[in-house]
Protein chains: 2
Amino acid sequence: MPEIRQNRATKEWVIIATERAKRPDDFKPKEKKKSLPSFDKDCPFCPGSEHQTPPELFSYRKRGTEKDKPGWWVRIIPNKFPALISEVELSRVTEGFFLKMEGFGRHEVIIESPEHNLSLANMSLKQVEEVCLVYRQRYIELSSEKNIKMIIIFRNHGLAAGTSLLHPHSQLIALPLVPTHIRHLLEEAMRYYDDHGYCVFCDMLKEELEFKKRVILETESFVAFQPFASKVPFGIWIVPKTHNAGFGNITADEAKGLAFVLREILGRIYSKLSDPDYNLVLHTAPITDSNEDYYHWYVQILPRLSTPAGFELGSGVYINTTLPEETANFLSS
Amino acid sequence: MPEIRQNRATKEWVIIATERAKRPDDFKPKEKKKSLPSFDKDCPFCPGSEHQTPPELFSYRKRGTEKDKPGWWVRIIPNKFPALISEVELSRVTEGFFLKMEGFGRHEVIIESPEHNLSLANMSLKQVEEVCLVYRQRYIELSSEKNIKMIIIFRNHGLAAGTSLLHPHSQLIALPLVPTHIRHLLEEAMRYYDDHGYCVFCDMLKEELEFKKRVILETESFVAFQPFASKVPFGIWIVPKTHNAGFGNITADEAKGLAFVLREILGRIYSKLSDPDYNLVLHTAPITDSNEDYYHWYVQILPRLSTPAGFELGSGVYINTTLPEETANFLSS
C-alpha cells in the first residue's frame with residue numbers, strides 16, 4: 001500500500017511507493033566502478049599540478065613547504081570556473097520587469113587529500129577531521145565578510161552526482177542573498193516553533209531516538225537516520241544533538257565528531273551499496289539567523305540511486321521506492 | 001561576468017555562470033542515440049501487448065475494434081506500478097510526531113502512439129493534437145472526482161530524464177493534497193498580484209514579447225520562450241496568452257494550439273540538439289484555485305543537458321552555464 005508522508009521540518013510530502021518497491025540489495029550496481037590510481041599526473045588537484053589551479057587560499061601543509069607546491073594534505077583554492085566572483089558590484093538592478101544582480105560571491109574548492117583515489121569513506125579519521133575543521137574554518141572566515149548572506153558547503157561524489165573531477169573534493173559557495181527555497185524552509189520551521197515552542201529538528205531527533213527504527217548511528221553529539229519522509233532511497237540526515245541553527249557556531253570538537261559520523265556513514269554506504277554516487281549538503285541557517293531558536297544545521301546525504309523526473313520537478317513531491325525503516329535497518333547492521 | 005537573475009513568477013534565483021559558459025553547439029551529444037524500431041514485441045505499450053498492461057481507462061480507437069486490443073491510436077491505462085491508488089482511506093494519521101496518509105490518488109499512463117519509435121517531436125500534428133485533447137479530457141474528468149486536489153501531467157523523455165520505457169508516453173498523477181512546493185509558488189504569485197493588480201505570468205509574457213530576444217515562437221494563443229532566469233540550458237516555458245490559472249479551463253481549440261507549439265518546439269530541440277533527454281511538466285493551479293486571477297498554467301520543458309548537484313539540492317538555486325538570450329536565438333532560427 002503506498003503511503004504519503006510529510007517531513008515535518010521541511011513540510012515536504014513524499015510518496016513511499018511500495019507497489020514499485022525495491023529491496024535494499026536491488027540498488028547494488030551491475031558493474032563495479034573502475035578503480036582509480038592514487039596519483040594522476042593529468043589531475044589538476046594532484047600534488048605537482050598546483051600551478052594548474054588558482055593560487056591557494058589556505059592549506060594544511062608540512063612545515064617548510066611552499067604555498068602552491070606539494071607538501072599539503074588539505075588545500076583550499078578558488079574554483080577555476082567560479083559560479084560567483086568577488087570583484088563585482090553588489091546591487092540589484094531592474095531591467096524593465098526583470099530583476100538581477102552581478103554575480104557577487106565566492107566559489108571555493110576544498111581538496112580533501114593529496115591522494116587521487118580516496119574519498120571521505122576510506123580516508124583516515126584524522127584526515128576527515130581535517131576536512132571538517134576546514135569546513136568550519138572557511139565557514140567562519142567567510143561569514144564575517146561583508147555582504148555574504150548564506151554559505152552552502154557541498155560535495156558531489158561521482159559523475160551521476162554532477163562532478164567533473166574525481167579527485168576527492170568538496171565545494172563552498174557563498175551567496176550575497178538568501179535563496180527563496182531557504183526562506184521557505186525557515187518559515188516552515190518558524191511556524192512549528194511558534195506552535196510548539198521547540199525547534200522542529202530537536203523534536204524530530206527526540207522522536208527518532210525513541211522510535212529507533214530509522215536510526216543508523218548515534219554518537220555523543222550526532223544522530224544519523226533516514227528521515228520518516230526520505231525523498232530518495234538511502235537518503236540520510238546527520239543531525240547534531242545540540243540545538244544550533246548556524247554551522248559556524250560549532251566547536252572544533254563538534255567538527256571532529258561530525259568527521260567520525262561522516263566517515264562511518266559514508267563508509268557503510270560505500271561498502272554496502274558498492275560506492276554509489278551521492279550528493280552531500282550541509283544545511284545551515286543564513287548567517288544573520290545563526291542563533292535562531294527555530295532552525296538547526298544538519299548534513300544531508302542523497303545517494304543518486306534514482307532519477308527525479310517530471311513529477312518531482314513539477315510538484316516538489318518525490319516518489320521513493322523504498323521504505324526508510326527497511327533501508328535504515330540495512331545500513332545499521 | 002556571472003549574473004544572478006530572479007524569476008519574478010517563482011521568485012527563484014538562478015546563477016548565469018558565464019565564466020563556465022558553453023556555446024549552444026557544445027550540448028550536442030558525442031554519440032547519436034540508437035534508433036528504435038517502430039514495433040517491439042517485448043514492449044508492453046506496443047499494439048498486441050495490451051494484455052500486459054492494466055485494462056485501459058479510455059482510448060481513441062478504430063470503429064469496431066475491441067477494448068484492450070489493437071486498433072487504438074491513443075490509449076490511457078492505469079500505471080502498472082502506481083505511485084498512488086484509489087482504493088484506500090483518505091485521512092491524515094499521526095504516528096507520534098509524524099504525519100502521513102495512505103497513498104490515495106491516481107497514476108495513469110497516456111500511450112501517445114502505437115508506434116514504438118515516435119515522439120511528440122516527430123508525430124503528425126493530428127496525433128499530437130489527440131494527445132493534448134486527451135490531457136485535457138483526463139484532467140477535466142479527474143478534476144471532478146472527490147478528494148483529488150491537484151493534477152500533474154508530465155512526460156519523461158529518455159533514460160536520463162527518468163523513464164524506463166522508451167515507447168512514447170506521458171503520465172498523469174492526481175494527488176489528494178496540494179504540495180508545499182506548489183503552495184509556495186501560489187503564494188509568490190499572489191503577492192505579485194496584490195502589489196501590482198496583474199498576474200505575474202501575464203506581465204512576464206508582455207515583457208518577453210516586447211523584449212523579443214528570448215522568444216522562440218509566438219502563435220495566436222501561445223508564446224514559447226526561454227525565461228530570463230532559466231534554471232537549465234535550453235529550459236523553455238510555453239505560456240498561453242489568455243489568462244487562465246487552471247489547465248482544465250482550456251477549450252479544445254486551445255489544446256490543439258498547444259499541440260502545434262509543443263510539436264514545433266520539441267521538434268527544434270530534437271533536430272538542433274540531437275534529441276536530448278528532457279522532462280516536460282504541465283504546471284497548473286490546484287483544482288479549487290482554477291479560476292484565480294493570480295496564477296497561470298503553462299508548460300515547462302527541461303532538457304537534461306546538465307546535472308543539478310549538491311549546490312542546487314541544498315540552495316534551490318540553479319547554476320546555468322548558458323545565456324538564455326543566446327540559446328533562445330539558437331532555437332529561434
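Among contacts in chain A between residues at least 6 apart in sequence, 68% link residues at least 24 apart. Keep in mind as you read that this is a predicted model. Chain A holds 6 helices and 15 strands, and a rotation of 180° superposes chain A on chain B. Here is a friendly tour, starting with the single chain and moving on to the pair.

**The fold of chain A**

- With a radius of gyration of 20 Å, close to the 20 Å that the globule rule gives for 333 residues, chain A is as compact as a globular protein of that length.
- Of the 333 residues in chain A, 52% are buried.

**The nonpolar core**

- The largest nonpolar core has 189 residues.
- The residues with the most contacts inside this core are A:I238 and A:I265, together with B:I238 and B:I265.
- If you set aside neighbours within four places in sequence, the contacts of A:I265 are A:I216, A:L217, A:A224, A:I236, A:I238 and A:I301.

- Chain A brings 62 residues to the contact, and chain B brings 61 residues.
- Eight named elements of chain A give two or more residues to the side that touches chain B: strands β1 (3–6), β2 (13–16), β6 (98–102), β8 (150–157) and β13 (278–283), and helices α2 (180–196), α3 (200–211) and α5 (310–315).
- By class, the side of chain A that touches chain B has 35 nonpolar residues, 15 polar and 12 charged.
- The copies meet through the same surface, because 98% of the interface residues of chain A are also interface residues in chain B.

**Strand pairing across the contact**

- Strand β6(A) is joined by 4 bridges to strand β1 of chain B, residues 3–6, and the two run antiparallel.
- Within β1(B), the residue that stands opposite A:M101 is B:I4.

**Symmetry of the pair**

- The rotation of 180° comes with 0.0 Å of shift along its axis, and the superposition of chain A on chain B has an RMSD of 0.0 Å.
- That is the relation of a two-fold axis.
- A:H184 is the residue of chain A that comes closest to the rotation axis, with its C-alpha at 3.8 Å.

Notes:
Residues are numbered from 1 along each chain as its sequence is written. Chains are lettered from A and ligands numbered from 1 in the order in which they are written. This is a predicted model: local features need pLDDT of at least 70, side-chain atom pairs count only at pLDDT 80 or more; totals for chains, interfaces and linings use all residues. Two residues are in contact if their C-beta atoms, placed from the backbone, lie within 7 Å. Ala, Val, Leu, Ile, Met, Phe, Trp, Tyr, Cys and Pro count as nonpolar, Asp, Glu, Lys and Arg as charged, and the others, Gly among them, as polar. Two strands pair if DSSP finds at least two bridges between them. Copies are superposed by least squares on the C-alpha atoms of residues with pLDDT of at least 70 in both. The radius of gyration is taken over C-alpha atoms; the globule rule is 2.2 Å times the number of residues to the power 0.38. A residue is buried if 20 or more other C-beta atoms lie within 10 Å of its own, exposed if 12 or fewer, and partly exposed in between; C-beta atoms are placed from the backbone. A nonpolar core is a set of buried Ala, Val, Leu, Ile, Met, Phe, Trp, Tyr and Cys residues joined through C-beta atoms within 7 Å.
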